[in-house]
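User: Hey, can you walk me through this one? I'm new to reading structures.
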Amino acid sequence: MMDKEQKEIELKKLEIERAKVLEGILRTLFFVLVADMGGTLTLILNIDKYNFPIAITLIGLGIFAGLGFIFSIGMILAELKHINKKIGV
């Protein structure tokens, strides 16, 4: 059986691995956010070249998706802060 100290070490190792996974997800979400905002900005700047109702719909969806990505990034950053506090970094 594992004593209390070994259990704490194992839990810290699991939290570190969890933080690494969250950091990878964070990077991915950031790049997706940049791509989404780039596409949305392109639509906004070239709105006269597209069918107006479709362009407005796509711009709205792009902004809505961007806000969702920003919220997700914020939640991951908060969770990473919590993990760092928990493992004492």
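Here is a short chat about the helices and their contacts.

Analyst: Quick note before we start: this is a predicted model, where local features need pLDDT of at least 70, side-chain atom pairs count only at pLDDT 80 or more, and totals for chains, interfaces and linings use all residues. Residues are numbered from 1 along each chain as its sequence is written, and side-chain values use heavy atoms, with hydrogens and water left out.

User: Which residues make up the largest nonpolar core?
Analyst: There are 9 in all: Ala 19, Leu 22, Leu 26, Leu 29, Leu 33, Ile 73, Ile 76, Leu 80 and Ile 83. A nonpolar core is a set of buried Ala, Val, Leu, Ile, Met, Phe, Trp, Tyr and Cys residues joined through side-chain atoms within 4.5 Å. H1 gives the most to this core, with 5 residues.

User: What does Leu 80 touch?
Analyst: Leaving aside neighbours within four places in sequence, Leu 80 is in contact (heavy atoms within 4.5 Å) with Ala 19, Leu 22, Glu 23 and Leu 26.

User: Switching topic: is Glu 15 buried or exposed?
Analyst: Glu 15, which sits in helix H1, is buried (under 20% relative accessible area), at 15%. Beyond its neighbours within four places in sequence, Glu 15 is in contact with Ile 83, Lys 86 and Ile 87.

Note on methods. Buried means under 20% relative accessible area, exposed over 50%, partly exposed in between (1.4 Å probe, protein chains only). Helices (H or I, at least four residues) and strands (E, at least two) are DSSP runs, numbered from the N terminus.
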